[in-house]
Amino acid sequence: MDFTSFFNYENPDREPESASPVFLAQLSESGWSKLLGYAQHRRFAQGETLLEAGEQSRDFYIVANGRLEAVARTEQGKEFLLSAIEEHSIIGEQSFFDGLPRSATVRALSDGELFRIDAKALEVMSARDPALARDVVADLARILSLRLREMTQRLLRIVR
Amino acid sequence: MAQTAGTARPPFPNYTQIPTRVPGWVWFALRAASIATALAVALLLVVNPERGRVLLWQVLVPSLPLVMLVVPGLWRNLCPMAALNQLPRMAGFTRGLAHTPQIREYSFVVGIALFFVLVSSRKWLFDGSGVASAALVLFGLGGAFLGGLVFKGKSGWCSSICPLLPVQRLYGQAPFAVLPNAHCKPCVGCTKNCYDFNPSIAYLADQYDDDRHYVGYRRVFAGALPGFIYAFYTVSTDESLPQIYAHFGLWCALSLALFQVLDVFLKLPRNRLTVVFGAAAIALYYWFVAPAMASGVEQLGGVSIPPAAPWALRTVVIGIALVWIVRCFRTERLFLEHVIQKTAQQGARVGENAAQAMRRASSRQQAEVVIQPDDQRIAASAGQSLLEVIEGCGGEIESGCRMGVCGADPIAVREGMENLSPAESDEKSTLERLGYAPNTRMACCAKVQQGRVAIALKPERRKLPEYPTSSQYDANIKDVVIIGNGIAGITAADYARRRHPVCAIHVVAEENHPLYNRMAITRLIYGRSAMQGLYLLPDKWYEEREVTCWLNTTASAVDPAAQAVTLATGDTLRYDRLILAMGSSSFVPEIEGHGGAGCFVVRSANDAMEIRRYAQATQARQAVIAGGGLLGLEAAYALTKLGVQVTVLDRNPWLLHRQLDEPAGQLLRRYLEGLGIAFQVSTEIRRVARSDDGHIYVRLSTGIEVPADVFIVAAGIAPNIALAQACGIATRRGVIVDDHMRTDVPNIYAAGDVAEFDGRIPGLWPVAAEQGEVAAVNALSGDRTYREPVAFTILKVVGADVASVGRVNPEGDGEEVIVHEDAAEYQYRKLVVDRSGRLAGAILIGHPTLMSGVTGAVKAQRDVTAELASLKVGDWSALQAT
């Protein structure tokens with residue numbers, strides 16, 4: 001577990017800068033508008049379940065506003081919180097790539113909106129706007145790679 | 001559920017977030033006094049060992065654990081060792097080194113070892129010697145000072161090897177009063193999980209660290225401590241040195257063993273057992289030390305302490321320890337709730353540009369579609385069709401013509417019907433044909449206009465099957481036979497029944513399927529649901545209309561004289577009226593070498609399913625499709641989805657030659673190439689060759705040879721006229737009909753792909769539906785003149801967004817052509833305006849929002865003279881659907 005956010009030695013007055021990677025940080029606003037043009041725009045209400053663990057769907061989501069939580073179940077059936085999902089987060093990109101069942105259930109903690117990009121949207125994007133589609137895939141791959149690195153680091157901390 | 005920390009005090013405040021009650025200079029003065037006191041105690045220990053030892057070992061030291069338990073910050077700020085440790089930093093002569101990995105790893109272990117060794121050595125050394133005790137005090141002060149000289153922050157002593165640190169960390173985890181660290185200004189980040197930085201979470205952070213060794217040192221200390229305390233007060237000072245240490249070792253080992261066993265079997269949250277052992281140790285300590293403390297105070301103060309005082313102290317400490325346990329447990333629960341989620345793996349985020357774009361998009365989408373029963377809420381923009389909305393969110397819906405004719409996408413509108421565009425004639429007649437409940441709409445036609453619309457993807461049945469039939473009918477007509485089960489035949493059957501409630505209606509169909517969505521058959525190639533969803537009529541449609549359907553049945557002959565149809569089964573159907581709607585087959589031109597395994601056409605559902613079967617069975621990798629028309633392109637896309645590399649051949653220079661002009665055809669080609677389809681245009685097939693192992697090679701007029709595991713001809717249609725020809729009905733390419741769909745033989749009508757009207761066989765679904773209706777109305781003694789619907793086609797390839805309506809090329813002089821192209825944005829739009837100022841045709845690529853408005857306007861042949869100027873400059877809002 002990483003507790004660095006509680007020991008932000010350099011700047012105790014502030015939450016540490018989020019270490020989470022930024023998806024397509026270089027993409028301009030008009031580029032983003034274009035990308036969102038391929039997406040489906042959904043609204044959600046507090047308490048709504050947006051993704052169900054075990055479900056299969058090839059899509060990922062960008063949370064425009066609102067808060068959600070990702071919960072998983074242990075083998076004994078005990079539910080535990082995996083992560084809190086704040087606005088502007090990306091969720092579901094793993095299943096987007098591998099098509100395997102969702103590993104967590106995502107529930108809305110507040111009302112909000114999100115954008116959904118599925119395999120079909122990416123297919124259309126790659127035919128119409130190959131550069132954008134390439135950037136989307138490459139950057140998602142970068143993010144997954146960072147996460148793998150993080151796991152490796154963590155593994156090193158655990159097994160040393 | 002957990003709330004995120006707002007502006008209120010965070011649950012685990014760091015030292016800058018803890019309110020400061022004591023000014024800095026006061027701490028400074030107190031620390032000076034603290035150093036002076038320590039030196040004075042050392043002096044006293046030498047000068048007057050008797051009093052000194054009482055002061056140190058019976059009063060000062062026994063007070064410390066309680067201080068650490070209740071107000072740990074007080075000791076952290078006042079400790080004379082810490083004060084000396086920080087002196088080099090304050091004076092600016094510390095070397096400020098960072099720990100090496102080795103030091104970082106073992107400094108806390110050294111602290112633990114020092115604690116156990118020094119405390120156990122009291123028994124034979126310090127307790128009996130003022131000098132040794134003084135040396136110990138000076139060792140502490142000197143060690144802290146030296147550490148401060150070398151290492152940065154408090155990492156030279158206070159947060160590393162100080163023997164009191166393990167005690168202080170264990171007991172300081174749930175302070176009753178929190179004092180902010182008054183030393184480190186600024187923090188230099190010298191230690192992991194620094195207690196001075198964030199006192200209420202430091203110990204838990206240690207306990208939940210990923211490094212099991214790091215955690216283990218701390219747990220070993222907590223686990224051994226009660227045994228160590230017990231050993232301290234049970235060891236006999238008469239023993240030899242080894243025996244003394246053996247006594248300590250034994251009890252520590254017992255205590256640790258107990259800790260370990262409980263840890264394994266109780267399965268408590270990680271920090272509970274350490275807390276319980278800590279509490280046990282401190283209670284044990286004060287149990288034993290209370291009398292000595294009382295006597296110490298008596299001796300030094302010269303006062304008499306009541307005999308109950310030790311008991312009072314013991315009780316108070318046990319009470320405090322119990323409360324402390326509860327507080328620690330609660331903190332750990334809070335920690336698990338608030339902290340894990342905060343520090344759990346954070347997903348990726350998007351930046352400010354994205355946020356801005358999302359805000360903009362949100363403000364544009366005012367309407368909302370709710371899809372029941374899951375109540376998915378989709379933000380929609382005005383003018384979007386329900387079909388687009390549903391497809392966009394991955395909803396389960398079929399689609400066919402996308403213009404309300406085929407009936408593939410009926411949905412139920414549960415709320416907000418008034419927020420949808422009203423149904424127009426094509427949609428209305430389809431809804432009538434399907435016969436669902438009145439709240440049914442065709443998703444492709446119902447456009448969201450504003451507000452909220454709630455829908456369910458399954459249409460609802462009518463409560464009572466009511467069927468609009470005419471009370472006036474021609475009683476002379478008893479038997480109606482329709483040959484063909486496609487949209488022309490079924491529309492004819494539908495209208496025949498509407499006009500005649502009692503006649504027998506027979507539909508004879510060569511295919512083995514009830515009416516299905518022929519426009520979606522290419523989906524059978526790549527989709528996994530086979531025919532499911534492709535059938536267009538509700539289950540009991542034939543039954544409710546008393547239509548007898550002969551599936552998988554061939555009509556072998558028609559006898560116009562006897563007015564009878566002979567079936568290949570041997571049955572004979574007599575008719576008063578016969579409607580021919582046999583449809584068409586694929587037109588396959590003469591191609592040398594064509595035929596055999598791997599050669600296909602795509603006309604029927606069975607064709608498509610056979611292609612899928614064959615492609616799987618042979619592990620087809622490459623396909624060639626002859627024909628860049630609608631069907632050819634849709635089949636190409638379907639095979640691509642199956643992982644097959646497809647090359648489409650076309651004799652024309654651009655795709656969809658009949659529906660698009662050249663720039664539009666080229667734009668579409670680039671898009672399809674982006675999907676992975678290859679093209680060879682302006683080319684003819686010379687021959688189909690086979691290698692020795694049976695592989696097909698398609699040789700082109702350009703000299704190119706394309707290998708193909710699957711070869712599909714999609715070069716247009718050939719009407720099925722053999723039956724009509726055999727019985728003497730006039731035919732050319734198709735069965736010739738007049739504007740009442742009559743053939744030249746009395747009582748025989750024709751409709752759909754088999755019929756040739758005015759020399760034309762458009763081969764389009766809306767034409768077939770219209771002709772079927774006209775044929776049935778006229779056959780059942782009505783009078784309806786056929787008017788050909790304006791041609792309208794949509795390419796059903798994902799994201800292609802191609803629509804063509806009417807006549808897309810100008811004819812003669814004086815026609816206005818308006819074209820706007822933005823190839824980079826994948827957009828093209830064209831209007832053809834005839835001489836009278838009316839819309840004659842249009843092409844739309846990448847303009848979904850213009851689709852319904854423009855096609856509607858072209859179908860209505862709207863006069864756009866007034867809007868011409870704005871249309872020319874690209875403002876087509878006048879045509880936008882409202």
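Reply: A:Phe23 stands opposite B:Val350, a residue of strand S1 of chain B, and this belongs to a pairing in which S1(A) and S1(B), residues 349–350, run in the parallel sense over two bridges. Strands here are DSSP runs of type E with at least two residues, and helices are runs of H or I with at least four, while two strands pair if DSSP finds at least two bridges between them. The model is predicted, so local features need pLDDT of at least 70 and side-chain atom pairs count only at pLDDT 80 or more, whereas totals for chains, interfaces and linings use all residues. Residues are numbered from 1 along each chain as its sequence is written, chains are lettered from A in the order in which they are written, and side-chain values use heavy atoms, without hydrogens and water.

The contact (heavy atoms within 4.5 Å) takes 64 residues from chain A and 75 residues from chain B. Together the chains bury about 5900 Å², 53% of it on carbon and sulfur atoms, where buried area is the accessible area, taken with a 1.4 Å probe, that two parts lose on being put together, summed over both. In chain A, the residues that lose the most area to chain B are A:Phe6, A:Tyr9 and A:Arg43, together 14% of what that side buries.

Five salt bridges are counted between the chains, a salt bridge being a side-chain nitrogen of Lys or Arg within 4 Å of a carboxyl oxygen of Asp or Glu. One of them joins the side chains of A:Arg128 and B:Asp801, at 3.2 Å from N to O.
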